[in-house]
Amino acid sequence: MERDTNAEQVLAGEASSSHPKRQRLSSLVEEEEAEGGENVGEVTVTVAGDDEVTTTEVRSGMLLDLDLLDCPVCCHALTNPIFQCDNGHIACSDCCTNMRNKCPSCTLPIGIHRSRIMERVVEATMVTCPNAKHGCTDKFSYGKELAHEKECSFARCYCPASDCNYAGLCKDLYRHYHANHRSRDGFCETFTCGFNADAWIHISDKILVLQEGREGPLVAVQCFEEEQGVYVTVNCIAPRAPGVSEFSYQLSYSSYEGQTMSFGSDEMDRIQKVSFQTPEKDFMCVPHYFMAERESLKMKICIRRRGKE
């Protein structure tokens with residue numbers, strides 16, 4: 001009974017010893033910075049107890065093929081829970097359900113027994129943000145970096161000007177656009193937060209880009225001619241990072257007869273690259289009869305910065 005009690009204490013990390021004990025915690029780390037064969041990622045943590053000092057050394061290694069951590073069925077990153085059949089084949093939870101709990105490799109039942117070791121390996125495998133080369137220093141368990149990438153402030157944004165392939169951080173893009181894409185008279189279409197601005201766009205041009213002052217955020221006003229009328233969308237070219245280019249807007253259009261229609265949003269969508277695919281939501285539809293066969297839309301737009309006005 002005493003031996004069993006000691007074993008339980010060891011497993012719980014409560015056993016005492018007069019000598020420092022080295023615990024090996026296996027951790028797989030993707031390290032691009034490793035040079036000269038150094039033991040990158042080694043960390044020593046000293047925990048002071050009542051009568052002892054325990055030193056824990058966390059070791060790291062390198063996993064060369066991250067595809068090994070993808071589900072072999074759907075090829076997406078494995079996330080907990082991970083299941084295995086009696087032959088050791090693994091699959092993610094969604095695939096187990098979609099395959100009706102039948103292993104696609106050997107047809108044995110799968111979806112009952114967890115693959116605890118694979119769950120630990122996936123959790124311990126740390127990868128850098130895909131935007132690390134642009135300055136992001138965050139690291140995540142494998143697979144979780146994809147969700148972060150959509151909201152990373154270092155995500156690249158693409159120039160909305162036609163025939164321009166520039167891409168960079170949003171602030172760099174704003175400077176680039178102001179310096180390289182002014183109109184023939186040397187001016188850019190601009191807006192000032194809290195004030196109405198003209199948004200005149202020829203339907204065949206499909207896009208009007210507004211810039212806040214000099215080198216400020218870019219807002220793309222796009223139109224799409226459809227059977228029901230002309231769809232109009234408003235998007236800010238910026239990553240979805242908290243606090244970055246967060247705007248609301250109100251868009252209005254008046255017919256020759258003096259009829260007015262408007263559309264707005266308390267939160268303007270943010271996109272990294274303009275798309276010319278017909279939108280499925282968040283657009284204002286101007287019916288053809290409302291336009292009286294005009295080839296351009298002369299609208300008014302008021303853009304406000306969220307939380308400040």
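Which residues form one aromatic cluster? Tyr253, Tyr289 and Phe290 do, and we will come back to two of them below.

## About the model

This is a predicted model, where local features need pLDDT of at least 70 and side-chain atom pairs count only at pLDDT 80 or more, while totals for chains, interfaces and linings use all residues. Residues are numbered from 1 along each chain as its sequence is written, and side-chain values use heavy atoms, leaving out hydrogens and water.

## Aromatic pairs and charges over rings

Searching the whole structure gives five aromatic pairs; rings of Phe, Tyr and Trp (its six-membered ring) pair if their centres lie within 6.5 Å, and planes under 30 degrees apart count as stacked, over 60 as edge-to-face and the rest as tilted. One of them is the stacked pair of Tyr231 and Phe283, at 4.2 Å centre to centre with 20° between the planes. Tyr231 lies in strand E15 and Phe283 in the loop between strand E18 (269-271) and strand E19 (284-287), so the pair ties together parts 52 residues apart in sequence. Strands (E, at least two residues) and helices (H or I, at least four) are DSSP runs, numbered from the N terminus.

Tyr289 and Phe290 make an edge-to-face pair, because their ring centres are 6.4 Å apart and their planes stand at 80°. Tyr289 is exposed at 69% relative accessible area, whereas Phe290 is buried at 10% (buried means under 20%, exposed over 50%, partly exposed in between, with a 1.4 Å probe and protein chains only).

Charges also sit over rings (NZ of Lys or CZ of Arg within 6 Å of the ring centre and within 35 degrees of the ring normal). Lys273 lies over the face of Tyr158, 5.0 Å from the ring centre, and the charged end of Lys298 is over the ring of Trp200, 4.6 Å from its centre.

## A three-stranded sheet

An open, antiparallel sheet has the strand order E5-E4-E6; two strands pair if DSSP finds at least two bridges between them. Strands E5 (90-92) and E6 (113-114) are at the edges with a single partner strand each, so one side of each has no neighbour in the sheet. Two bridges join E4 (residues 82-84) to E6, and Phe83 stands opposite Arg114.

## Cysteines without disulfides

The whole structure has zero disulfides (a pair of cysteine sulfur atoms within 2.5 Å). For Cys71, the closest cysteine sulfur is in Cys95 at 3.8 Å, too far for a bond. Cys157 has its closest cysteine sulfur in Cys170, at 5.4 Å, again too far. Cys71 is buried at 1%, and Cys157 is buried at 0%.
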